[in-house]
Amino acid sequence: MPRQTIQRIVETAGPGLHSGVVTRLWLEPGQPGQGIVFERRDHPGPPRIPAALARVAATERRTSLQLDDLEVQTVEHLLAACWALGVDDLTVALDGPEVPILDGSFAPFVALLDAAGPRPHPGRRRLAALPGPVEVTAGEASYRAEPSEQLQLRVTLEYLEPVIGQQTVALPVTAESFRRELQSARTYGFETELIPLRNRGLLAGASLGAGLLLDQTSVRNGQLHWPDEFARHKAGDLLGDLALLQAGLRAAITAHRPSHRGNVALARTIAEVARYSEEA
Ligand SMILES: [Zn+2]
(Lines give C-alpha, C1' and ligand atoms only; values in the text may rest on other atoms or scores of the structure.)
Protein backbone atom coordinates (compact mmCIF):
# COMPACT_ATOMS: atom_id res chain seq x y z
CA MET A 1 0.00 0.00 0.00
CA PRO A 2 1.27 3.48 -0.77
CA ARG A 3 1.45 5.87 2.15
CA GLN A 4 -1.38 8.34 2.47
CA THR A 5 -1.76 11.91 3.57
CA ILE A 6 -4.69 14.31 3.04
CA GLN A 7 -5.63 16.67 0.22
CA ARG A 8 -6.71 19.74 2.17
CA ILE A 9 -6.55 21.41 5.57
CA VAL A 10 -9.55 20.86 7.86
CA GLU A 11 -10.20 22.06 11.37
CA THR A 12 -12.29 21.51 14.46
CA ALA A 13 -12.34 22.90 17.98
CA GLY A 14 -13.64 22.15 21.44
CA PRO A 15 -12.69 21.51 25.04
CA GLY A 16 -10.29 18.75 26.00
CA LEU A 17 -11.84 16.11 28.26
CA HIS A 18 -9.14 16.27 30.93
CA SER A 19 -7.63 19.78 30.63
CA GLY A 20 -10.96 21.52 29.93
CA VAL A 21 -9.01 23.89 27.65
CA VAL A 22 -10.82 24.87 24.45
CA THR A 23 -8.39 23.98 21.69
CA ARG A 24 -8.45 24.48 17.92
CA LEU A 25 -7.08 21.63 15.86
CA TRP A 26 -6.06 21.61 12.20
CA LEU A 27 -5.25 18.52 10.14
CA GLU A 28 -2.69 19.40 7.47
CA PRO A 29 -0.96 17.35 4.76
CA GLY A 30 2.29 15.73 5.94
CA GLN A 31 5.57 15.00 4.16
CA PRO A 32 6.05 11.42 2.90
CA GLY A 33 7.41 9.29 5.75
CA GLN A 34 6.95 11.84 8.56
CA GLY A 35 4.21 9.87 10.27
CA ILE A 36 1.61 11.66 12.38
CA VAL A 37 3.15 14.67 14.10
CA PHE A 38 1.45 16.97 16.60
CA GLU A 39 2.49 20.61 16.43
CA ARG A 40 1.84 22.97 19.38
CA ARG A 41 1.12 26.20 17.45
CA ASP A 42 0.63 28.11 20.70
CA HIS A 43 4.38 27.90 21.36
CA PRO A 44 7.32 29.40 19.44
CA GLY A 45 9.01 27.00 17.04
CA PRO A 46 6.44 25.48 16.97
CA PRO A 47 7.46 22.28 18.80
CA ARG A 48 6.64 19.06 16.93
CA ILE A 49 5.78 15.90 18.87
CA PRO A 50 5.61 12.67 16.85
CA ALA A 51 2.88 10.14 17.63
CA ALA A 52 5.46 7.56 18.68
CA LEU A 53 5.77 5.16 21.62
CA ALA A 54 8.92 6.94 22.79
CA ARG A 55 6.86 10.09 23.37
CA VAL A 56 4.14 8.56 25.57
CA ALA A 57 4.14 10.38 28.89
CA ALA A 58 0.87 9.60 30.62
CA THR A 59 -1.70 6.85 30.35
CA GLU A 60 -4.15 7.44 33.21
CA ARG A 61 -7.59 7.52 31.53
CA ARG A 62 -6.05 8.75 28.25
CA THR A 63 -2.86 8.60 26.22
CA SER A 64 -0.66 11.69 26.22
CA LEU A 65 2.52 12.54 24.35
CA GLN A 66 5.26 14.77 25.67
CA LEU A 67 8.28 16.68 24.40
CA ASP A 68 10.29 18.49 27.09
CA ASP A 69 7.63 20.24 29.20
CA LEU A 70 4.97 20.34 26.47
CA GLU A 71 2.30 17.73 26.07
CA VAL A 72 -0.60 16.76 23.88
CA GLN A 73 -3.25 14.86 25.81
CA THR A 74 -5.91 12.39 24.70
CA VAL A 75 -4.51 11.57 21.27
CA GLU A 76 -6.08 8.11 21.03
CA HIS A 77 -9.41 8.82 19.32
CA LEU A 78 -7.83 10.83 16.51
CA LEU A 79 -5.01 8.28 16.11
CA ALA A 80 -7.50 5.40 15.93
CA ALA A 81 -9.36 7.13 13.09
CA CYS A 82 -6.11 7.83 11.21
CA TRP A 83 -4.91 4.25 11.62
CA ALA A 84 -8.22 2.71 10.62
CA LEU A 85 -8.53 4.91 7.52
CA GLY A 86 -4.87 4.39 6.57
CA VAL A 87 -3.70 8.00 6.89
CA ASP A 88 0.04 7.71 7.63
CA ASP A 89 1.52 11.18 7.22
CA LEU A 90 -0.29 14.08 8.85
CA THR A 91 0.51 17.23 10.76
CA VAL A 92 -1.96 17.80 13.60
CA ALA A 93 -1.64 21.43 14.64
CA LEU A 94 -3.16 22.54 17.95
CA ASP A 95 -3.28 25.81 19.87
CA GLY A 96 -3.72 24.07 23.22
CA PRO A 97 -2.67 21.03 25.27
CA GLU A 98 -5.33 18.47 24.34
CA VAL A 99 -7.18 17.06 21.35
CA PRO A 100 -10.86 18.14 21.64
CA ILE A 101 -13.08 15.36 22.99
CA LEU A 102 -16.05 16.39 20.77
CA ASP A 103 -18.78 13.75 21.30
CA GLY A 104 -16.40 11.31 23.00
CA SER A 105 -16.34 8.88 20.05
CA PHE A 106 -14.07 8.38 17.05
CA ALA A 107 -16.69 9.46 14.50
CA PRO A 108 -15.93 13.23 14.42
CA PHE A 109 -12.33 12.43 13.46
CA VAL A 110 -13.44 10.01 10.74
CA ALA A 111 -15.70 12.78 9.37
CA LEU A 112 -12.82 15.26 9.55
CA LEU A 113 -10.49 12.89 7.66
CA ASP A 114 -13.21 12.24 5.09
CA ALA A 115 -13.56 16.00 4.58
CA ALA A 116 -9.78 16.31 4.28
CA GLY A 117 -9.74 13.65 1.53
CA PRO A 118 -7.12 10.94 2.09
CA ARG A 119 -4.75 10.68 -0.90
CA PRO A 120 -1.79 8.43 -1.70
CA HIS A 121 1.67 9.97 -1.87
CA PRO A 122 5.24 8.62 -2.26
CA GLY A 123 6.57 5.83 -0.04
CA ARG A 124 5.23 2.50 1.15
CA ARG A 125 3.45 1.84 4.42
CA ARG A 126 5.43 -0.20 6.97
CA LEU A 127 3.88 -3.40 8.20
CA ALA A 128 4.66 -5.11 11.52
CA ALA A 129 4.25 -8.89 11.83
CA LEU A 130 4.77 -11.06 14.91
CA PRO A 131 7.29 -13.93 14.89
CA GLY A 132 5.17 -15.74 17.53
CA PRO A 133 2.62 -15.09 20.26
CA VAL A 134 3.24 -12.42 22.89
CA GLU A 135 1.50 -11.92 26.22
CA VAL A 136 1.43 -8.73 28.25
CA THR A 137 -0.08 -7.95 31.66
CA ALA A 138 -0.39 -4.49 33.19
CA GLY A 139 -2.40 -4.22 36.38
CA GLU A 140 -5.81 -5.75 35.67
CA ALA A 141 -5.30 -5.59 31.90
CA SER A 142 -3.99 -8.62 30.03
CA TYR A 143 -3.34 -9.25 26.37
CA ARG A 144 -2.33 -11.98 23.99
CA ALA A 145 -1.27 -11.21 20.44
CA GLU A 146 -0.70 -13.90 17.85
CA PRO A 147 0.51 -13.85 14.25
CA SER A 148 -2.38 -13.40 11.82
CA GLU A 149 -2.84 -12.52 8.17
CA GLN A 150 -5.06 -9.60 9.15
CA LEU A 151 -5.60 -7.43 12.19
CA GLN A 152 -8.26 -8.86 14.47
CA LEU A 153 -9.39 -7.70 17.90
CA ARG A 154 -11.28 -9.43 20.66
CA VAL A 155 -11.90 -7.18 23.65
CA THR A 156 -13.58 -8.25 26.88
CA LEU A 157 -14.64 -5.98 29.74
CA GLU A 158 -15.56 -7.19 33.18
CA TYR A 159 -17.18 -4.69 35.51
CA LEU A 160 -18.96 -5.29 38.79
CA GLU A 161 -21.36 -2.50 37.84
CA PRO A 162 -24.34 -4.10 36.04
CA VAL A 163 -24.62 -1.16 33.59
CA ILE A 164 -21.56 -2.67 31.83
CA GLY A 165 -21.11 -6.13 33.37
CA GLN A 166 -19.20 -8.53 31.15
CA GLN A 167 -19.16 -7.81 27.44
CA THR A 168 -17.02 -8.88 24.49
CA VAL A 169 -16.60 -7.44 21.03
CA ALA A 170 -14.68 -9.32 18.33
CA LEU A 171 -14.00 -8.16 14.80
CA PRO A 172 -11.48 -8.04 11.97
CA VAL A 173 -10.27 -4.44 11.70
CA THR A 174 -10.66 -2.73 8.35
CA ALA A 175 -11.64 0.81 7.43
CA GLU A 176 -15.14 -0.52 6.73
CA SER A 177 -15.51 -2.43 10.00
CA PHE A 178 -14.15 0.53 11.96
CA ARG A 179 -16.76 2.82 10.39
CA ARG A 180 -19.60 0.36 10.88
CA GLU A 181 -18.81 -1.22 14.25
CA LEU A 182 -16.57 1.10 16.27
CA GLN A 183 -16.45 4.74 15.21
CA SER A 184 -19.62 5.83 17.02
CA ALA A 185 -18.74 4.17 20.34
CA ARG A 186 -18.32 6.86 23.00
CA THR A 187 -16.07 7.15 26.00
CA TYR A 188 -17.69 6.69 29.39
CA GLY A 189 -17.25 7.29 33.07
CA PHE A 190 -19.04 6.72 36.33
CA GLU A 191 -20.59 9.59 38.31
CA THR A 192 -18.77 8.29 41.38
CA GLU A 193 -15.38 8.77 39.65
CA LEU A 194 -16.03 12.34 38.62
CA ILE A 195 -14.99 14.13 41.78
CA PRO A 196 -11.96 11.94 42.67
CA LEU A 197 -10.63 12.26 39.10
CA ARG A 198 -11.24 16.02 39.04
CA ASN A 199 -9.32 16.30 42.28
CA ARG A 200 -6.40 14.69 40.45
CA GLY A 201 -6.58 17.20 37.60
CA LEU A 202 -8.50 15.00 35.15
CA LEU A 203 -11.94 15.33 33.52
CA ALA A 204 -12.02 19.14 33.82
CA GLY A 205 -13.72 19.22 30.41
CA ALA A 206 -16.24 16.45 31.05
CA SER A 207 -19.73 17.44 29.94
CA LEU A 208 -22.96 15.62 29.20
CA GLY A 209 -22.30 15.85 25.46
CA ALA A 210 -18.80 14.38 25.64
CA GLY A 211 -19.44 10.74 26.44
CA LEU A 212 -21.61 8.46 28.54
CA LEU A 213 -22.18 9.23 32.20
CA LEU A 214 -23.04 6.13 34.21
CA ASP A 215 -24.34 5.10 37.57
CA GLN A 216 -24.29 1.48 38.76
CA THR A 217 -27.20 0.37 36.66
CA SER A 218 -27.91 2.94 33.95
CA VAL A 219 -26.71 5.55 31.48
CA ARG A 220 -27.64 8.97 32.88
CA ASN A 221 -27.40 11.03 29.70
CA GLY A 222 -29.04 9.26 26.79
CA GLN A 223 -29.27 6.01 24.89
CA LEU A 224 -26.54 3.53 24.04
CA HIS A 225 -25.70 3.12 20.35
CA TRP A 226 -25.16 -0.61 21.02
CA PRO A 227 -25.65 -2.66 24.22
CA ASP A 228 -21.88 -3.34 24.14
CA GLU A 229 -20.87 0.23 23.26
CA PHE A 230 -18.38 0.18 26.16
CA ALA A 231 -16.39 -2.76 24.76
CA ARG A 232 -16.51 -1.19 21.31
CA HIS A 233 -15.07 2.03 22.65
CA LYS A 234 -12.25 0.15 24.37
CA ALA A 235 -11.51 -1.66 21.08
CA GLY A 236 -11.21 1.72 19.38
CA ASP A 237 -8.96 3.01 22.16
CA LEU A 238 -6.73 -0.04 21.70
CA LEU A 239 -6.42 0.76 17.99
CA GLY A 240 -5.51 4.36 18.82
CA ASP A 241 -2.72 3.21 21.11
CA LEU A 242 -1.47 0.59 18.63
CA ALA A 243 -1.23 3.39 16.04
CA LEU A 244 1.81 4.51 18.03
CA LEU A 245 3.63 1.59 16.34
CA GLN A 246 3.69 3.86 13.24
CA ALA A 247 3.09 0.79 11.09
CA GLY A 248 0.28 -1.49 10.00
CA LEU A 249 -0.06 -4.62 12.12
CA ARG A 250 -0.77 -8.25 11.29
CA ALA A 251 -1.90 -9.81 14.55
CA ALA A 252 -4.90 -11.32 16.28
CA ILE A 253 -5.18 -9.57 19.63
CA THR A 254 -7.19 -10.68 22.63
CA ALA A 255 -7.52 -7.98 25.29
CA HIS A 256 -9.05 -8.59 28.70
CA ARG A 257 -9.95 -5.47 30.69
CA PRO A 258 -7.71 -3.24 28.54
CA SER A 259 -6.37 0.08 29.80
CA HIS A 260 -4.28 2.76 28.10
CA ARG A 261 -1.30 1.75 30.25
CA GLY A 262 -1.74 -1.87 29.18
CA ASN A 263 -2.32 -0.93 25.53
CA VAL A 264 0.93 1.03 25.45
CA ALA A 265 2.80 -1.84 27.17
CA LEU A 266 1.43 -4.20 24.50
CA ALA A 267 2.47 -1.83 21.71
CA ARG A 268 5.98 -1.56 23.19
CA THR A 269 6.30 -5.36 23.37
CA ILE A 270 5.08 -5.73 19.79
CA ALA A 271 7.50 -3.01 18.63
CA GLU A 272 10.40 -4.92 20.23
CA VAL A 273 9.70 -8.30 18.64
CA ALA A 274 7.97 -7.39 15.36
CA ARG A 275 9.44 -7.98 11.94
CA TYR A 276 8.89 -5.05 9.66
CA SER A 277 8.32 -5.08 5.94
CA GLU A 278 6.83 -2.69 3.42
CA GLU A 279 3.20 -3.35 2.71
CA ALA A 280 2.75 -4.74 -0.79
ZN1 LIG B 1 -11.36 6.52 24.52
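1. Contacts along the chain. Among contacts in the chain between residues at least 6 apart in sequence, 75% join residues at least 24 apart; two residues are in contact if their C-beta atoms, placed from the backbone, lie within 7 Å. Please keep in mind that this is a predicted model, in which local features need pLDDT of at least 70 and side-chain atom pairs count only at pLDDT 80 or more, while totals for chains, interfaces and linings use all residues. Residue numbers start from 1 along each chain as its sequence is written.

2. Overall dimensions. The chain has a radius of gyration of 18 Å, which agrees with the value near 19 Å that a compact globule of 280 residues would have. For your own check, the radius is taken over C-alpha atoms, and the globule rule is 2.2 Å times the number of residues to the power 0.38. Taken along the principal axes, the C-alpha atoms fill a box of roughly 50 × 45 × 35 Å. Of the 280 residues, 42% count as buried. A residue is buried if 20 or more other C-beta atoms lie within 10 Å of its own, exposed if 12 or fewer, and partly exposed in between, with C-beta atoms placed from the backbone.

3. Secondary structure. The chain comes to 6 helices and 19 strands. These are DSSP runs numbered from the N terminus: helices are H or I with at least four residues, and strands are E with at least two.

4. Two domains. The chain is divided into domain 1 (2-125) and domain 2 (127-278), with bounds that come from an automatic or database domain assignment. The domain centres, taken over C-alpha atoms, are separated by 18 Å. Across the boundary, 34 residues of domain 1 are in contact with 36 residues of domain 2. On the domain 1 side, H1 and helix H2 (107-116) each supply at least two residues, and H1 gives the most, with 8 residues. By class, that side of domain 1 has 16 nonpolar, 11 polar and 7 charged residues. Here Ala, Val, Leu, Ile, Met, Phe, Trp, Tyr, Cys and Pro count as nonpolar, Asp, Glu, Lys and Arg as charged, and the others, Gly among them, as polar.

5. H1 against H5. The axes of helix H1 (residues 76-85) and helix H5 (residues 229-242) come within 7 Å and cross at roughly 80 degrees. The two helices are therefore roughly perpendicular to each other. On this scale, angles under 35 degrees count as roughly parallel, over 145 as roughly antiparallel, 65 to 115 as roughly perpendicular and the rest as oblique. The axes are lines fitted to C-alpha atoms, for helices over the stretch in contact, and angles run from 0 to 180 degrees between N-to-C directions. From H1, Glu76, His77, Leu79, Ala80, Trp83 and Ala84 meet Gly236, Asp237, Leu239, Gly240 and Asp241 in H5. This contact has 5 nonpolar, 3 polar and 3 charged residues.

6. Leu85 in H1. Leu85 is placed in helix H1 and is partly exposed, with 19 other C-beta atoms within 10 Å. Leaving aside residues up to four places away in sequence, Leu85 touches Val110, Leu113, Pro118 and Ala175. The C-alpha atoms of Leu85 and Arg179 are separated by 9.0 Å, although the two residues are 94 residues apart along the chain.

7. Thr187. This residue lies in the loop between helix H3 (175-182) and strand S16 (188-190). With 25 C-beta neighbours inside 10 Å, Thr187 counts as buried. Thr187 touches Gly104, Gly211 and His233, not counting residues up to four places away in sequence.

8. Backbone points worth a look. A cis peptide bond joins Gly45 and Pro46, with omega about -20 degrees; Pro46 sits in the loop between strand S4 (36-40) and strand S5 (48-50). Thr74 is not a glycine, yet has a positive phi of about 60 degrees. Thr74 lies in the loop between strand S8 (70-72) and H1, and is buried, with 25 other C-beta atoms within 10 Å.

9. H4 and what follows. Helix H4 (residues 191-199) is hardly covered, as the count of buried residues among its 9 residues is 0. H4 is followed by Gly201, whose phi is positive, near 85 degrees. Leu203, in the loop between H4 and strand S17 (212-214), has a positive phi of about 60 degrees although it is not a glycine. Leu203 is buried, with 24 other C-beta atoms within 10 Å.
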